[in-house]
Amino acid sequence: MHGQHADIVIDPVTRIEGHSKITITLGDDGAVAGARFHVTQFRGFERICVGRPMHEMPAIMSRICGICPVSHIIASSKACDEIMAVSPPPVAVELRRVMNLAQVVQSHSLSFFHLSSPDLLFGFDAPPGERHLFGVAAAAPQLASDGIALRRFGQRVIETLGGKRVHPGWVVPGGVSQPLEADQREAILAEVPEALDAVRRGLEWYRSRLAGFAEEAEALGTSPTLSMGLVHETGNAAYSDGDLRVVDAEGTLLADRTDPKPYWEYLGEVVQPDSFLKSTYWRALGYPEGTYRVGPLARLNVVDRLGSPEADERLGEYRARLGRTPQSSFHYHEARLLEILHAITVIAEILGDPGVLDHHVRSVAAVNRSEGVGVSEAPRGTLMHHYKVDDDGLVTWVNLVIATGHNNEVMNRAVAETAARYVRADRLTEGMLNRVEAAIRCFDPCLSCSTHAIGQMPLEIELRSAAGDLLDTVAR
Amino acid sequence: MYSGVLVVGVGNPLRGDDGAGPAVAALAGDDPRLAGATVRRAVQLTPELAADVANASVVVVVDARFGDEPGAVDVARVAPAAGRPALSHHLDAGALAALTALAYGRVPPVYVVGIGASGFAAGAPLSDDVRAALPAALDAVAAIVAEC
């Protein structure tokens, strides 16, 4: 904008999954007047699926993303289960849970260890040439190798079950395509102790760094919001099934044991003219009061407990330190580590039951309904797939509500808050801009992409006065 | 305690000659000269492979190479990359070796068997030149392993 305002554009935002940019608008007084997070890529999966046979949907939808394909396969298959009006066999439900939790482990490990730990190790003011995995490996080899080990564990579980680390075709409408064999189960279980040790070290390392980031923990997106996530009827965290629970910033229940499938009854959508990402809100409170967040921090806010002993003990300590419903987006990092610990534990628990080797893993049926909704928890938050089909099972309509869409408004607020605190109109520094990026990175947004150029694309930011004069530039 | 030989066939079998690496890996799995070797196929070299590289006594990466004569096979030993590339989702063999050295304190000899490619069109099969070169590429892998 010109005249009354000036813009700072951060394009692209780095060390996230996908392509986006941040615009920071300055007012006449030189102070930050506003900031927005724009998603500049468009994938169009809701349109390209029209006309495809319903049974193809999980395989097609997995291509939305190379990082979280499993999340889309799970939600898509659940939507197809609905259309076929079948319940997958119990062992298939458990095997789907294992793959979904493995996805949580590998995705959270990428986010924390590969993308965010450089900031926490070197600090936000360190040169960008140090703040990447190679820098971490040089300065803290154990931290780097633990991150590699955890991501490798998650990927190996996915590969063992589905035949491929990325885009496995194993989860299908009605269940899974192949049973788990005993040698596969033993191979996974053999790697559990090393993975648990790695995440325990990661948690201890994070706690050791936390005191040095007290200011950022108070500044990187603390706007009070609602939290939403799936919860079992026991109050434990749910990832592949469960009902919806929503709490406000103080932890007051706004919805509980709510069927997540008729999402249009409780969620509203706002189209943002400057982004391909829509913002959602909790309809009962309207927009923007109904702004909510999803993902690891929100899940820990809504659940009574995670549901595994060690993770729950650490969750109790986390809550004693940060409160029952922490609102700072900075704490997504610790929530992510706690979820990794929980996910590995539950994977071991499920696979420890010999019944998981049962060979009845798929319910077969034709099209029995014209519509289906599948809801699950992706690493980044609640994921919804909604399909309509004709009498022949050909897809006629698709709607996807992805975690990053749920978080869009909160991310915008986080960017604005962080920019207002750190960006000064008379200068641009690496640390200043990296804190703005880091506010987004807390959410680990996945912009529905399968191509990445992280660390390769140039970043150029211009700072202009309200009159349009160039004050400063920063390029990477 | 190191696990021995690691062969990684790199490339996307859905993109023409980019599938040369995985095709050689498929042959390597049945080759008695490579008995006991760990053979993996990967669309890209990713940081997670560093753990496998660190545990190997020798690593052979087989990859298509654009710009060389189609079907030409060459072998090069790769040193850990001197620079520290910013993280992407994929690495070249030198960067993978460098990451392994930094994170695990050791890196075994890493070789790249390159196969000249003529095209990477989506949905295309291997070209005749590359298909004919697969046995020579496999021989090159076996020769490296025999010398180590």
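Tutor: Let us begin with burial: a residue is buried if 20 or more other C-beta atoms lie within 10 Å of its own, exposed if 12 or fewer, and partly exposed in between, with C-beta atoms placed from the backbone. By that rule, 47% of the 148 residues of chain B count as buried. Please keep in mind that this is a predicted model, in which local features need pLDDT of at least 70 and side-chain atom pairs count only at pLDDT 80 or more, while totals for chains, interfaces and linings use all residues. Residues are numbered from 1 along each chain as its sequence is written, and chains are lettered from A and ligands numbered from 1 in the order in which they are written.

Student: Why is Ala122(B) called exposed?

Tutor: Ala122(B) has 9 other C-beta atoms within 10 Å, and because the limit for an exposed residue is 12 or fewer, the word applies. Ala122(B) sits in the loop between strand E5 (110–117) and helix H4 (128–147) of chain B, where helices (H or I, at least four residues) and strands (E, at least two) are DSSP runs numbered from the N terminus. Beyond the residues up to four places away in sequence, Ala122(B) touches Leu14(B) and Arg15(B), contact being a pair of C-beta atoms, placed from the backbone, within 7 Å.

Student: How do you know that chain B is as compact as a globular protein of its length?

Tutor: The radius of gyration is taken over C-alpha atoms, and the globule rule is 2.2 Å times the number of residues to the power 0.38. For 148 residues the rule gives 15 Å, and chain B has 14 Å, which is close, so chain B is as compact as a globular protein of that length. Its secondary structure comes to 4 helices and 5 strands, which follow one another from the N terminus as β-α-β-α-β-β-α-β-α.

Student: How do you know that the span of helix H12 of chain A agrees with its number of residues?

Tutor: The expected span is 1.5 Å times one less than the number of residues. For the 20 residues of H12(A), 332–351, this comes to 28 Å, and the end C-alpha atoms are 28 Å apart, so the two agree. H12(A) is also mostly covered, with 17 of its 20 residues buried.

Student: Why are E8 and E11 of chain A said to stand at the edges of their sheet?

Tutor: Two strands pair if DSSP finds at least two bridges between them. The open sheet has 4 strands in the order E8-E7-E6-E11 (chain A), with mixed pairing. Strand E8 (253–258) and strand E11 (292–293) each have a single partner strand, so one side of each is left without a neighbour in the sheet.

Student: What makes E6 and E11 of chain A a pair?

Tutor: Strand E6 (residues 226–231) is joined to E11(A) by 2 bridges, and the two run parallel; because at least two bridges are needed, they pair. Within this pairing, Ser227(A) stands opposite Arg293(A).

Student: Which residues of the largest nonpolar core touch the most other members?

Tutor: A nonpolar core is a set of buried Ala, Val, Leu, Ile, Met, Phe, Trp, Tyr and Cys residues joined through C-beta atoms within 7 Å. Among the 179 residues of the largest one, those touching the most other members include Val415(A), Val7(B) and Leu99(B). Helix H4 (residues 90–122) of chain A gives the most to this core, with 13 residues. Leaving aside neighbours within four places in sequence, the contacts of Leu99(B) include Phe134(A) and Ala137(A), as well as Pro47(B).

Key: Two residues are in contact if their C-beta atoms, placed from the backbone, lie within 7 Å.
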